[in-house]
Amino acid sequence: MREGITTMVRPITMPKLGQSEEVGTLVRWRKKVGETVAKGDILFEIETDKALLEVESFSEGTLLKTIVQEGTTVPINTTVGFVGDPGEAVPEIVAQTCRFDSAHGPERQPKGSSRPAALAPTPEARKPELPGVSRETPRPPAPSPTRGHVGAVRPSTLLRAVSGSRTGEPPLHPTPGVMAAPAVFRISPRAAKLARESAINPAPIVGTGPLGRIVERDVKNYLESKGYYQLRITPAAKRLAARENIDILSLLHDPRPPQRITLARVERAITEKPRPMSRIRQVIASRLTESFTTTPHFFVTVAVDMTELVSFRAELKAQGASYTVTDFILKAVAMSLVEFPVVNSTTDGKTIRWHSKVHLGMAVNLEQGLVVPVIRNAEELSLAELHDCASELIAKARAGRLTPDEMGGSTFTISNMGMLDIENFTAIINPGESAILAVSSALKQPAVKDGQIVVRDIMKMTLSSDHRIIDGATAARFANAIKQKLEEISLWKRLT
Amino acid sequence: METFDVVVIGAGPGGYPAAIRAAQLGASVALVEREHLGGACLNWGCIPSKALIHTSSLYAQMRSSANLGLKIESANFDYAAMAERKDQVVRGLRNGVKQLLAANGVKVFEGTASFESRKRIVVNSKSENTVIGAEKTILATGATSSVPAFLPRHERVVESRAFLDLKSAPRSVLVLGGGVIGCEFACMLAQLGVQVTIVEILEDIVAFLDADVRRELRRQMEKTLGIHILTGTSLENISADEHAVRGTAGGEALEADLLLAALGRKPVTQELQLENTGLKTNQQGFIEVDEYGTTQVSTIYAIGDVTGGPQFAHAATSQGLVAAENACTRRRRKNEKLIPYCIFTSPEVGEVGLSEQQAQQKGVEVKTGKFNFGALGKAQAIGHPSGFVKWVADAQTDQLLGAQVVGAHATELIAEAITAIRAELTTTELAQTIHCHPTLAEAWMEAADVLLGEPIHTIAKKKGLGARV
């Protein structure tokens, strides 16, 4: 029993799902307060840097209280809710969340707010208003005396979710159609009401009240100067704009100013409104940008004649041994990486680290983004073992059940778009690796074989290499080593 | 060969306004019509039926005028005279259209048009064949009612056009089809004292109406007019001889002087020889158009009943103007989406926008406000206290999305709601708009108050907490 809890009420905490995970975002409660919870029932869904996961209940009873709201990010082990018998008293606890953004210096409290940051943060407050403002890896809240303590959290240690624009940093560029609250913003309630009812963003208004406070007169003058009173806005359009925080004045920037602002114009602005990307998407964006801008990529492409392997695979299948083309590629790559340890290495530009093991990452496309499950010690696995391992990981990825540890630590990655009818493509190296193999579709093409033009299944593969440690010739030899293996049917006859 | 910028085929309520608008925009325009200017609406539809309905409605009011303090010893009607007045009205309006076309410089060709190619049209009249060139063509050939094949060919079996040519009223009528046309004629005849039975295969008459409106309409047609309405059943064993038409519906033997078939209208495309343009009609025989009125052939537009949209004259007119503008200018305008409709039954009906049921089907969260005419001073004063108006508004934004009215003058009253909805007004704005007193139109304001939860002339269902915003 945890400290501070003496009843049968049991806290539910944010689980730690991987070595590198310090925080998790509670995306959705799957149980409602008052609902019965059985062991193994899914309580809520969380999103980490890498995946969406379902969290099962370890205890049974009734969900008495939820503390962490949907869409909130909290450190691991934070109490997110309580399970117990109906009617039991729940310890007083306030929601805590994690700051993503320590880069902008200490958080500024809104003027006049003496409340401890115990406000339940709204999902809006968490979402960064500009993609990329929040850091790729959320920093752990430091110091973290809250870990392991439930019901005894001191307000001073709580952290509030903050978004870029609230920390005093102005938006980099104005986002049309969207109102962003400025850093220190003084506005009288009457002025704010007028701005709200007029569906305009009061931020650009210069206040003439005490301390530059915007008063009603300023809003009226501003509306006058912008020609607001000449606008013909349909009542329904104004109501919708006010509700959806669309600044009516931002709709005038069209090349052809509208005769009348109708619902259709506001609806268009709503669809154009920037929305925050999911955590996963933001992490992908930041990692890919980091890799492509800091690693000098270069590319070599080879065309592999897959005709014989394709028919050999069909033969195996007829005998009841089902392998995918990916399985053969995994095996060929694992074998080649042992021959070319430099490709299975990492550099920071100053040092180079050769990995003794081959941990193969496989890029798997999901609706919400790309995940890369990792086959550990791939060089030790037989073709059949690779097949089992790969299909298990892919199934888990599709079901959203990969744990973060199954998605990290790869030393080389394969991105296979073979099923997507692709002639050729290049991939971006995963940070921490020195090469990635982009596998395209095996397409029926005219090819020269024994001096004759014949139809063959040609599959192109492009290797992206970190040119700091992999020379052109090495990359070429490595790519050809894979090609030769795939084309050498006697090898596969030995391995299957 | 004379060539025109725009050739309009069909001079109905869609075609002749299209021709006039195209001429106003500076185009040389030809209008081809094989029968009468004004089309079905003016000659065999809206106008003549309204002329008859006006008389029948007055007659019915006279017969029930004792409670208004009138003493009419013997009210009677002369159907032949009614029909003659109707024909006069039609002739007058037809002549008006002719003059409008002439004043706008539209050249009218009498005859049946057919395509030789996309830009060559033959006008086939009794005396000669004329070939004209067309840069752009607007098809406005409309639709026609016919007696379906399963009905016996007999003078006692008529469709709406032949019915309007009658010179005397039958004593009893079997109306097959409880749609708009069937119900309008049924009410007109019942007001004249004719025994009317409606047989409708669907579950209710005028099934596309708002459910509340339909209930009120049916109640009054049955109770006040004494119309026998059979729904959810078909008319079978139909026969006609010199004495009567007979049939059975729902196990009931029916007999009447006349059978009026009001079973929908078919698009008119047969003589056009569309195959010479590459244009194809859809499975139902309609010519499909995009939201700009353009067919699959970019120089050919189509409007009105032949396109398979809602079959209303006012919809055709609007589409005709849009097509003419799109054909003659660089600006492209979309067809109006908000198509109101009114029905000249007794009581009258007007509807526009979403009904409560349609909103539910679309998953739009709405609030409704209904106000009965009975609570209105004017309605009591003029002796028409039945019926109601109803608003449907978006629960989130308060925007007016639909309106229904059933009762006296409903077809005129709906106009305010159409304007309000197209102008994207909110319920609050409508409720704050001053309406003249005492008028029937006040009901709209009162219904808006009901929707907002703060009505003056009726008791609010939920007290306090008005939704006015």
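Eight residues of chain B are in contact with nine residues of chain A. This is a predicted model. On the chain B side of that contact, two residues are nonpolar, three are polar and three are charged.

**Domains of chain B**

| Domain of chain B | Residues |
|---|---|
| Domain 1 | 2-142 + 268-328 |
| Domain 2 | 157-263 |
| Domain 3 | 347-452 |

The C-alpha centres of domain 1 and domain 2 of chain B are 27 Å apart. Their contact draws 13 residues from domain 1 of chain B and eleven residues from domain 2 of chain B. On the domain 1 side, two elements of chain B give two or more residues: α3 (46-63) and α4 (79-103). Helix α3(B) gives the most, with eight residues. By class, this side of domain 1 of chain B has ten nonpolar and three polar residues, and no charged ones.

**The five-stranded sheet**

Chain B holds an open sheet of five strands with parallel pairing. The strand order is β8-β15-β9-β10-β11 (chain B). Strands β8 (157-159) and β11 (228-231) of chain B form the edges. Each has a single partner strand, so one side of each has no neighbour in the sheet. On average, neighbouring strands of this sheet are turned by 20 degrees against each other, direction ignored.

Inside the order, β9 (residues 172-176) and β15 (residues 258-261) of chain B run parallel and are joined by four bridges. B:Val175 has B:Leu260, in β15(B), as its bridge partner. Helix α6 (residues 180-191) of chain B packs on the sheet. This helix touches β9, β10 (195-200) and β15 of chain B. The direction of α6(B) makes about 165 degrees with that of β10(B).

**Helix α8 of chain B**

Helix α8 of chain B covers residues 313-328. How far apart should the ends of this helix be? At 1.5 Å a residue, its 16 residues should span 22 Å. The expected span is 1.5 Å times one less than the number of residues. The end C-alpha atoms of α8(B) are 22 Å apart, which agrees with that expectation. Is α8(B) mostly covered or mostly uncovered? Mostly covered: 14 of its 16 residues are buried.

Methods. Residues numbered from 1 in each chain as written. Chains lettered and ligands numbered in written order. Predicted model: local features only at pLDDT ≥ 70, side-chain atom pairs only at ≥ 80, totals over all residues. Buried ≥ 20, exposed ≤ 12 C-beta atoms within 10 Å, placed from the backbone. Domains from an automatic or database assignment. Contact = placed C-beta atoms within 7 Å. Nonpolar A, V, L, I, M, F, W, Y, C, P; charged D, E, K, R; others polar. Pairing = 2+ DSSP bridges. Axes fitted to C-alpha atoms, helices over the stretch in contact; angles between N-to-C directions.
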